[in-house]
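Thanks for coming. Please have a look at the chain on the screen before I start.

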Amino acid sequence: MDKLKDFFGVYLDGTIRCGIFSTPHLIWLFSMAIVWIFILIFFKNKKKHTQDIFLYFLVFIIILTEILRYYVFISNNILRSFVDLAPFHICGFMVFVTCFAVFFRNKILMNFCYAFSFTATIFGVLTPIAITFPPLSFVYVQGMLSHGIMFLIAMFFIVDCGFRPEVKYLPRISAIFFGVAFLVIAPLNYIFNANWFFIAWAPKGTPIEILENLVGWPGYIGVLFVILMILWTIMYLPFYIAEKFKEKQKGVFN
């Protein structure tokens, strides 16, 4: 019972129990990488029906663990207000987008999933904010799995479902995201004294805090935007080049 209590415990005393790129963190990263690669290879030539069932299963896992995370915090008397309970952080927002992308397979949603879930996963998995939790606690495991599954779904679309990210959708999904961030989330942050989307202040113990120390607020938001543009360039450029090469080849043979 004590071990179960420890697993579902909440550790908010400030002690770092699983630091960024510590041995347990690296074990988590390498383990997920190996399992995710195996999954992508295993489902590569499976029937669409089988692939769909697996994607729905991943969505079920994300939603279930999100609900359990809220239960853990509520049972430990941590979540007590609208600010604590509202799923308005970037990762919470991307959970909904990813789930909708799986069910509707709309190209805008799938590009949204690739562009933002991938980015959110980079920050969520490589620089987890649950560093005060043990590596085998529910909150830490849930954080790694939730972000990792969002990445897996985006890669599953590409490797197993034949989806190809298209640059032409970036302006639209950027407009949607930044519209939500600055027209909806920013006013809500002001009203409720919250920090959804991390645009009110930099969370402690994260690389964003380093940026805030260097350029202040709101300067770090601009730096994050530049980093996002660089990431998107890296993420979309191979697909853009491949598409242009394919068009050129068609032109040659026609």
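Predicted model: local features only at pLDDT ≥ 70, side-chain atom pairs only at ≥ 80, totals over all residues.

The protein chain has 10 helices and 0 strands. On size, the C-alpha trace spans about 70 × 45 × 30 Å along its principal axes. A compact globule with 254 residues would have a radius of gyration near 18 Å, and the protein chain has 19 Å, so the two agree.

How much of the chain is buried? Buried residues make up 42% of the 254 residues. As for contacts with a separation of 6 or more, 70% of them are between residues 24 or more positions apart.

Now the core. The largest nonpolar core has 72 residues, and Met94, Phe112, Phe116, Phe133, Ile153 and Phe157 have the most contacts inside it. Several helices supply at least two residues each, among them α2, α3, α5 and α6. Which helix gives the largest share of this core? That is α7, with 14 residues.

Take Ile153 as an example. Leaving out residues up to four places away in sequence, Ile153 touches Leu55, Leu58, Ile62, Thr98, Val102 and Cys113.

Ile20, Phe21, Leu26, Phe30 and Leu126 make a nonpolar surface patch of about 440 Å². Leu126 lies in helix α6, which covers residues 107–126.

Notes: Residues numbered from 1 in each chain as written. Heavy atoms only, no water. Patch = residues over 30% accessible without salt bridge, like charges linked within 9 Å, V, L, I, M, F, W, Y side chains within 5 Å. Areas by Shrake-Rupley, 256 points an atom, 1.4 Å probe, with all protein chains shown as cover. Salt bridge = Lys/Arg side-chain N within 4 Å of Asp/Glu carboxyl O. Helix = DSSP H or I, 4+ residues; strand = E, 2+ residues; numbered from the N terminus. Core = buried A, V, L, I, M, F, W, Y, C linked by side-chain atoms within 4.5 Å. Buried < 20%, exposed > 50% of the residue type's maximum accessible area, 1.4 Å probe, protein only. Contact = heavy atoms within 4.5 Å. Rg over C-alpha atoms; globule rule 2.2 N^0.38 Å.
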